[in-house]
Amino acid sequence: MPDQTNRIIKGREIVADDWTVLRPAEGEDAATIAVPDGKVIVPLATWQAQKDTLSTRPAIGVWLASSERPEELKGELDKFAVVAVDFPKFTDGRGYSIAYNLRMRLAYTGELRAIGDVLRDQLFQMKRCGFDAYATRPDRSIEDALKGLTVFSETYQASVDDQRPLFRRHARVATAAEHKDVGAGI
Amino acid sequence: MYQYDQYDHLIVRERIAQYRDQVQRRIAGELTEEEFLPLRLQNGLYMQRHAYMLRIAVPYGLLASKQMRMFAHIARKYDRGYGHFTTRQNIQFNWVELEQTPDILADLASVEMHAIQTSGNCIRNVTADEFAGVAADEIVDPRPYAEVLRQWSTFHPEFIALPRKFKVAINGALEDRAAIAVHDIGLTAVKNEAGEIGFKVMVGGGMGRTPILGSVIREFLPREHLLTYTEAIMRVYNQYGRRDNKYKARIKILLKAIGVEEFARQVEEEWADLKGNAETLTLEEMERIIAYFQPHAYATLPAIDPLADHADNKAFANWLKRNVKPHKVPGYAAVVLSLKKTGVPPGDATAEQMDFMADLADRYSFGELRVTHEQNIVLADVEQRQLFQLWQEAKAHGLATPNIGLLTDMICCPGGDFCSLANAKSIPIAAAIAERFDHIDFLHDIGDLELNMSGCINACGHHHVGHIGILGVDKDGSEWYQVSIGGAQGNQSAIGKIIGPSFSAQQMPEVIDRLLQVYLRERTPEERFVDTAQRLGIAPFKEFVYATPIETAGRLVGEDEYA
């Protein structure tokens, strides 16, 4: 099996990735934790504690835990090459709302990456909520995961990917003939 | 009723392909059971005690006859010849094979049906008044709005992994027949002084471990803002609802924790960013959906007394009194087909009965049926002059038990016989009670009485809002039953109060008997059981029920049949 730790899905393609996600061990202090050189995605707390030095670096990213508020990054989003949202468990859906708010309320336009427990069957909704990069779980085939992005070709409701609901995208016409069928019980 | 257009068909078709693939990956071991679980739940597939159970969505309970026939087909081909109608106005089949579930979905799609979001931590099937469109006290038909919400919530990308399940009910009439106070969101139609249609929005109701009635967070929401406002509620809940404890994850707990005012403030703040955006309903879209729910082509008929030609027929009179409801069009009536015949698990119907009900709908009621949250079936548009003939036919198929709203019209979950969550059986208890009170004159004398029973704290049987509520509990590995009284649904919603220590299964019929004795002794004329219970409180009931020991030995009627 090829090493997938340095590959992600970006847009609709599998690409090499040279970012590192800094995940502090329990009890590690955000203010003193060493941020390695290179392209690093740091936790929100680390960013906030070490902002002065980190903001001088050419490539820095930040990640939000699912319990954190994207509003914390208000006014600073243009400093990041990547903003990531962590899914501690694929059943934790908070990250979808975080992504929505990053895109729609905070107008973040850079790379928005899903990290953590990211599986094929979540990718379609992640994309709709504004993610455009996916660090899928390394024990699963990333080629396979790619299929998750193209499950549906139409959707009812608006989200980040298309802010018009179906009824504004297409003329949906109720015809009398269609309607009358039903009573006949065919 | 609503009919799919090309987009609805496409989405359902793509869903089947997606789900078929997920099932194949599960069988091939590419998905673990843990990973498959939320995927199958979002498609209504549960692992029950003995087999898989598939819950099929019946949006707001409305069915075409061809859809009912499809249920009969599924019952025969994939199950054991019957299905179970639920308090969510859905139907579930208890004995399906995992491998066959994609084929069932394909069969369902051929009649514009699916099993999307009938379970899982997402927005569930929206429920509504079973008399929508025909009730005289209706302000507005709630079904178009339920349909708007159905489409909007279907695969909503942001709200597919909520802290917990999420239930919405809509009522359009003065009287609440959709139990809106015990839903995560309860909407009731209102008109403002300008005559505009809107909704009063209630949030945070629910049963289960912590029964709470919903709180009004907005008195009037103009109808065009239905989706954006609901979205605001969902976003607040998705972000701040508890996820550490599944028993404290419902929106009601969030409301309780931060207070109604604070919750409403957060929703309004969220909504301020959404109000008026592209998701705001257009007049064209509302009219398009409303067009599907236009009144049928009713004949001009005189209002008649259906009993006039059958004055001596007491059985027919009983049925008219209990199972036939008024209709806003003269000469018509709404008929409730009872799925509560003694000896049959409440809400169950055989394939033969389903086919038969579909035939009745075609012949008497414009080919439509409705599933009620009390687990019965309604034919909403029957000519009064055909009631006698309809009654005779329904009776021959065991669907005319004249017990709607009476003691034996119990709401009852499948309980420990089927459900792996249950702590206790419920169907045999229902059977034993029905057997004990299988005397129609006595039942009619007792009058309106809602007995609701759940086999566990999840409260699928709505026991908290039963006039008499029974909850199955586990005590040291054996099954016991806790009894509450004074609960109610509707405009006067109330949570019942527990009368005291729980009882064994064998004691239950006698417990109900004693409760009824107190009621008969204490009632004032015109007072229903629940009114007496609420007026007097639990004390006199408790005193009498526990005054002398109740026999605990003996076989429970129904125990063998349904074990």
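Reader: How many aromatic pairs does a search of the whole structure find?

Author: The model is a predicted one. Rings of Phe, Tyr and Trp pair if their centres lie within 6.5 Å. Over all chains, the number of aromatic pairs found is 24.

Reader: Take the rings of Tyr2(B) and Tyr292(B): is the pair stacked or edge-to-face?

Author: The ring centres are 4.7 Å apart and the planes meet at 65°. Planes over 60 degrees apart count as edge-to-face. The pair of Tyr2(B) and Tyr292(B) is therefore edge-to-face.

Reader: How many residues apart in sequence are the parts that this pair ties together?

Author: Tyr2(B) belongs to the segment before α1 (6-27) of chain B. Tyr292(B) is in the loop between α9 (283-291) and α10 (314-323) of chain B. The pair therefore links parts whose separation in sequence is 290 residues.

Reader: Are Tyr2(B) and Tyr292(B) buried or exposed?

Author: A residue with under 20% relative accessible area counts as buried. Both Tyr2(B) and Tyr292(B) are buried.

Reader: Which residue lies over the face of Trp95(B)?

Author: A charge sits over a ring if NZ of Lys or CZ of Arg is within 6 Å of the ring centre and within 35 degrees of the ring normal. Here the distance from the ring centre is 3.5 Å. The residue over Trp95(B) is Arg80(B).

Reader: Over which ring does the charged end of Arg521(B) sit?

Author: The charged end of Arg521(B) is 5.5 Å from the centre of a ring. That ring belongs to Phe544(B).

Reader: Which strands of chain B each supply at least two residues of the lining of the second largest pocket?

Author: This pocket has a volume of about 830 Å³. Its lining has 34 residues, and Glu175(B), Arg177(B), Lys325(B), Glu374(B) and Glu450(B) lie nearest its centre. The strands that each supply at least two lining residues are β11 (324-326) and β17 (451-454).

Reader: Is Asp78(A) buried or exposed?

Author: Asp78(A) is in the loop between β5 (60-64) and β6 (82-87) of chain A. Its relative accessible area is 68%, and the cut-off for exposed is over 50%. Asp78(A) is therefore exposed.

Notes:
Residues numbered from 1 in each chain as written. Chains lettered and ligands numbered in written order. Predicted model: local features only at pLDDT ≥ 70, side-chain atom pairs only at ≥ 80, totals over all residues. Heavy atoms only, no water. Phe/Tyr/Trp six-rings, centres within 6.5 Å; stacked < 30°, edge-to-face > 60°. Helix = DSSP H or I, 4+ residues; strand = E, 2+ residues; numbered from the N terminus. Buried < 20%, exposed > 50% of the residue type's maximum accessible area, 1.4 Å probe, protein only. 1 Å grid on protein atoms, 1.4 Å probe; cavity = no way out; pocket = protein on both sides within 12 Å on 5 of 7 lines; lining within 4 Å. Points joined across faces, edges and corners; volume = space filled by probe spheres on them.
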